[in-house]
Amino acid sequence: MQLLRVGYAHPLEDLRDEMDRLWNSLTTAPPLHGWTQQATKETFPAINLFETEEAVFVEAELPGIESETLEITAVGDELTLKGRRQEPAVLPASASADDASKLTWHRRERGAGEFSRRLSLPALIDAEGVEARLTAGVLTISCPKAASCRPRKVMVTTG
Amino acid sequence: MIASPQTTAPAAGSPPVSPEAGLTYRPNVDIADCGDSLVLIADIPGSSAEAIDVRFEDGVLSIDAAVLPRPAAGTTVRREYGIGGYRRSFQLGDGFDGGQIEAGYQHGVLTVRIPRLAAVQPRTIPVKAS
């Protein structure tokens with residue numbers, strides 16, 4: 001006789017879970033690049049992380065953010081990205097209050113405001129050597145690894 | 001016609017990360033109505049003015065953008081987004097002046113200003129007392 005173990009997943013339960021996952025993935029489809037209504041300030045910006053023997057590279061997409069408003073802090077194996085995205089300026093500087101009152105928004109998908117994200121890196125880094133560059137809304141940070149985290153070739157002595 | 005992405009010199013010792021073939025994303029946009037014009041703002045990070053094609057045809061505004069290859073190195077530890085082009089179109093209808101559309105690209109953001117034809121701009125008509 002076949003006994004059901006505790007926690008046994010019935011095939012129909014699996015199917016239901018799978019359908020739930022599919023449904024959730026459709027209804028909360030991630031617009032990939034970004035700052036969405038669902039994204040909280042803790043998950044913005046989305047990042048890609050690369051690693052070599054010598055360094056860790058972080059890349060983030062930050063469209064509409066100027067380098068002056070961006071603050072990057074590196075400590076140990078942690079990196080913090082802080083910044084603020086301004087509300088879009090659609091009216092010319094010379095616009096009057098009357099013009100501003102006529103302004104209506106048909107879509108607001110981009111979001112604005114402050115964000116802060118703390119990242120754990122895969123190695124300790126040399127905070128002094130961290131360099132960041134912001135080009136066309138793409139931020140690239142290169143973090144050289146601390147000497148203690150770099151691979152070291154050990155010489156074997158005979159005798 | 002979309003300009004082909006410029007090839008940028010990769011950092012020493014690192015191969016460029018090319019945009020993934022065939023991957024196209026839908027950019028997030030804000031659209032404002034200023035009365036005499038519509039202003040569309042789209043997040044298109046990693047592109048350039050030459051690689052973005054903005055078109056207005058039969059009342060449809062379409063945006064098609066290619067991204068430039070990005071220098072990167074090493075093995076991927078975490079990947080939260082993909083890299084590809086951007087495409088999106090909007091049905092605006094008649095009443096816009098296709099010849100006067102202006103577009104600019106700065107800090108990874110595309111801004112397109114689409115003026116309304118003078119004939120369809122809202123006008124306040126004063127009522128005279130007889």
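This report describes a predicted model of a complex of chain A and chain B.

## Basis and confidence

Residues are numbered from 1 along each chain as its sequence is written, and chains are lettered from A, with ligands numbered from 1, in the order in which they are written. Because the model is predicted, local features need a pLDDT of at least 70 and side-chain atom pairs count only at pLDDT 80 or more, whereas totals for chains, interfaces and linings use all residues.

The predictor assigns the complex an ipTM of 0.75 and a pTM of 0.73. The average pLDDT (the predictor's confidence in each residue, from 0 to 100) is 80 for chain A, where 76% of the residues score at least 70. In residues 29-38 of chain A the pLDDT is below 50, and this stretch has 24 contacts in the model beyond near neighbours in sequence; two residues are in contact if their C-beta atoms, placed from the backbone, lie within 7 Å.

For chain B the average pLDDT is 81, and 82% of the residues score at least 70. Its residues 1-16 have a pLDDT below 50, yet this stretch has 30 contacts in the model beyond near neighbours in sequence.

## Chain architecture

Chain A contains two helices and eight strands; helices (H or I, at least four residues) and strands (E, at least two) are DSSP runs, numbered from the N terminus. Along the sequence, the pattern of chain A is α-β-β-β-β-α-β-β-β-β. Of its 159 residues, 24% are buried, that is, 20 or more other C-beta atoms lie within 10 Å of their own; a residue is exposed if 12 or fewer do and partly exposed in between, with C-beta atoms placed from the backbone. Among contacts in chain A with a separation of 6 or more, 62% involve residues 24 or more positions apart.

Chain B has zero helices and eleven strands. Buried residues account for 27% of its 130 residues. Of the contacts in chain B between residues at least 6 apart in sequence, 64% join residues at least 24 apart.

## A sheet in chain B

Four strands of chain B form an open sheet in the order E2-E9-E6-E5, with mixed pairing; two strands pair if DSSP finds at least two bridges between them. Strand E2 (24-25) and strand E5 (52-57) are the edge strands, each pairing on one side only. E2(B) runs parallel to strand E9 (residues 85-91) of chain B, with two bridges, and Thr24(B) stands opposite Gly85(B) of E9(B).

## The contact between the chains

The contact draws 36 residues from chain A and 34 residues from chain B. On the chain B side, strand E3 (29-33), strand E4 (37-43) and strand E8 (75-79) each supply at least two residues. That side comprises 15 nonpolar, eleven polar and eight charged residues, where Ala, Val, Leu, Ile, Met, Phe, Trp, Tyr, Cys and Pro count as nonpolar, Asp, Glu, Lys and Arg as charged, and the others, Gly among them, as polar.

Strand pairing also links the two chains: strand E5 (residues 104-108) of chain A pairs with E3(B) in the antiparallel sense over four bridges. Within this pairing, Trp105(A) has Ala32(B) as its bridge partner.

Beyond its neighbours within four places in sequence, Ile44(B) is in contact with residues including Pro63(A), Ile52(B), Ala65(B) and Leu110(B).

## Residues with positive phi

Ala136(A), which is not a glycine, has a positive phi near 45 degrees. Ala136(A) lies in the loop between strand E7 (131-135) and strand E8 (138-144) of chain A, and it counts as buried because it has 21 C-beta neighbours inside 10 Å.

Asp58(B), also not a glycine, has a positive phi of about 50 degrees. Asp58(B) is located in the loop between E5 and E6 of chain B, and it counts as exposed because it has 9 C-beta neighbours inside 10 Å.
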